[in-house]
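Here is a short report on one chain and one of its residues.

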Protein chains: 2
Amino acid sequence: MLDIRTPKGTVDYGPLEAYIIDYILNTCTSIFKTHGAISLDTPTFELRDILLNKFGDDEVQIYNLEDQGGDICSLRYDLTVGFSRYLAQTKLKKIKRYQMGKVFRRDQPAITKGRYREFYQCDYDIAGDYLPMVADAEIIQTATAILEKMNLGEFILKINSRKILLGFAQIIDVDQNKINSAIDKLAKIGWDNVQKELIEKGVEKEKTEILKNFIEIKTPTIENLKENKYLKELRNNAMANEGIEDLMLLEKYLKIYNIKNYIFDFSLARGANYYTGMIFEGFYDNYDCGAVVAGGRYDNLVEDFLSNPNMRVPCVGFSVGVMRIFSIINNNKNINYNITKVYISSSKQLFLEDRLSLLNELWNNNINAETYYNKRINIMEHKKYCKKNDIPIMIVIGEEEIKNNEIDVLLVEEDINEKVKREDMIKYIKEKVDKKKKIL
Amino acid sequence: MLDIRTPKGTVDYGPLEAYIIDYILNTCTSIFKTHGAISLDTPTFELRDILLNKFGDDEVQIYNLEDQGGDICSLRYDLTVGFSRYLAQTKLKKIKRYQMGKVFRRDQPAITKGRYREFYQCDYDIAGDYLPMVADAEIIQTATAILEKMNLGEFILKINSRKILLGFAQIIDVDQNKINSAIDKLAKIGWDNVQKELIEKGVEKEKTEILKNFIEIKTPTIENLKENKYLKELRNNAMANEGIEDLMLLEKYLKIYNIKNYIFDFSLARGANYYTGMIFEGFYDNYDCGAVVAGGRYDNLVEDFLSNPNMRVPCVGFSVGVMRIFSIINNNKNINYNITKVYISSSKQLFLEDRLSLLNELWNNNINAETYYNKRINIMEHKKYCKKNDIPIMIVIGEEEIKNNEIDVLLVEEDINEKVKREDMIKYIKEKVDKKKKIL
């Protein structure tokens, strides 16, 4: 017996789901285009060696293709590594691009929580050697614009710098990677478990207490830090000082962009190894689903692929949490995905050829229209179908209408019938449809 | 040394390529939506057993995923099998859907000829048990509308029916599958090689000669066949007779749809095993790249997945040859993919913050705008950049402009400079940009 299902951790996106995903990706696309970004599309799988040593402990989750002779490949785990490989291969030194596509992770799936093995990712990145923090500020501006345009309520961006985290790790003399991977889990597992993990990794308890105080720092402006006991120490560490300067400059540009809903939060760490500077995550206030945008600066990833040590391609970018935003919309909005504007019915007989002729005229005028292709004719059921599917206009033709060269129009919502001359149909329908344009 | 390239048979779609593919897929989407179709999105890989025994000899080209514990999967080979699995799984009995996505075939790649191992497919299918040939006619109407809207010149659809081919195979007492797979190669390898293959497969030479005469039949209307020596024989075969009746009915509906550019061509066979009725392929007159749309009726594929023998989900649909249309556009059109409308430059000094402020205003008004993020300021180079990239408007600010609260606008193509009040900027730019809306 054939097992009729999708593979574990994957799902079919049916009409409603595909409609919502389209909405999310189109919203992002329109913002990216405003920024003059171009679209890039890399393969679904890469040479396996390209993907290795980029994702730390999570590497075991990479899907491998069978060796069927030829290249040894794996499915992409994110869109960032393919983008960096593209830059290294083409030797492009600057580009602003977006990319949307599915990525694959053999994680423990939890579909109800929006954790899939195959899921959409939507990335925006700026590569190039520019004046400090200008591209970073654009990244924050873009992420903010997307969260605003999604129209899902208030949100806040948490901003930090890997340089500050690294500087602080230097100050207390602890390996940076131990700190990052542990405090990245703070929101999920709580401080006690983070501390436990740190101590297991060999960090002295005292130092974890100092770290705790440090990562509790949250401030709406770096200016406020003047009063903070750690600021002087951070200023004395070259790396941390660079981080502080970066964030101050970022703040200045965010003011120009009139962006207010952010906070500097020293507990923000981000998981991936490749970040080198500013990092951030964005959260909607009313939804407890984790970060809906996240990213940062990764200045060395492209160089990892390059044989020429003189070429440098600094990058900064972010991912949109497409599946999380999808879950929010899917769980909280009552969406009608039907895009049909006109349904053609008939009275008493089939009048199939007359209906097809009307249909053709509507299609050729770019009006979304349908008719029925089966034997049953029951106007009442068609009316119910239109109501249920939010189809605003139903056209009925019968012997009389055909004889008089007219159509009988039902405005479904208003329950109003009107006779319209056949030659006026397109004009009439266009006017009615324009009034009923639908937004998600 | 890391091998920095994409896997064999795959490519990166850079800005120009991604722009063309977007154009093709968006053109198709707009037509599908006109027909009230909904979007469906199935996983990139399926349980391997689902894919087996669907693609005949070509099955060796399926990409398998490594067995890493859990499901045994393979990358999808087309979008039709996943769609049929979806129908069987959801027990939906009718749907009109489109799907776009990449499919994967370990074929011998020939990138220059547009033959890739990973490539886009774009499908439109109508499932449901309807009055005869009505959905088939809509399929032809839709394929025609797409080829028209692509605006790449004259085209013709070749139409046939698997029922006629099967009936003829019965008449000359030869296995249908031998005939289909052989004559499907006619255009590629020529009759002599087709005949050779048939004889190797055990078909008597005499019968191949009869077959040759039969498949030479091409007619703009089934009516014309009345004079044909084979018609009586075909009419006496139940299966072939059904095929003839189907095509006559189809012709009637195509007349209603005012579709003229088709020919009934009995040499059209199509490769896949699953077709059961009307089949067709469409070709642009001026491009020698093979079929750019192709499809047909497959009434039994969904049932293959069903345990309930009483459920029937007849289907008809087609694929758009996205990569072939891509090759046509890419090789024959001079396309500028830049979507930036306004470039902000500065005179004498950086004026970075003033430029960012202008940029923000443009972005917030949905005007695609860019500025420069590096130190160098050279208006002449910026002007060259705008010309090269077809950016219609360049804004320059300098000390004087800032003092006077105005901007200096250069209409790049016309080489006209105008001073505009800062507060009139958005209105001014919108008017200019609207006049320069660009079509592919």
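How many positive and negative side chains does chain A have, and how far apart do the centres of the two sets lie? In this predicted model, chain A carries 63 positive and 66 negative side chains. The centres of the two sets are 2 Å apart.

Next, the overall form. Chain A has a radius of gyration of 28 Å, whereas a compact globule of 440 residues would have one near 22 Å. Along the principal axes, the C-alpha atoms of chain A fill a box of roughly 90 × 55 × 45 Å. The chain holds 16 helices and 16 strands.

| Property of chain A | Value |
|---|---|
| Residues that count as buried | 59% of 440 residues |
| Share joining residues at least 24 apart, among contacts between residues at least 6 apart in sequence | 67% |

Now the single site. Thr34(A) sits in helix α1 of chain A, which covers residues 15-34. Is Thr34(A) buried or exposed? Thr34(A) counts as buried because its relative accessibility is 5%, and the cut-off for buried is under 20%.

Which residues does Thr34(A) contact, leaving aside its neighbours within four places in sequence? Those residues are Trp363(B), Asn366(B), Ile367(B), Asn368(B) and Ala369(B). Thr34(A) is thus a buried residue in contact with residues of chain B.

How values were computed
Residues numbered from 1 in each chain as written. Chains lettered and ligands numbered in written order. Predicted model: local features only at pLDDT ≥ 70, side-chain atom pairs only at ≥ 80, totals over all residues. Heavy atoms only, no water. Helix = DSSP H or I, 4+ residues; strand = E, 2+ residues; numbered from the N terminus. Buried < 20%, exposed > 50% of the residue type's maximum accessible area, 1.4 Å probe, protein only. Contact = heavy atoms within 4.5 Å. Rg over C-alpha atoms; globule rule 2.2 N^0.38 Å. Lys, Arg positive; Asp, Glu negative; His and termini not counted. Charge placed at Lys NZ, Arg CZ, Asp CG, Glu CD.
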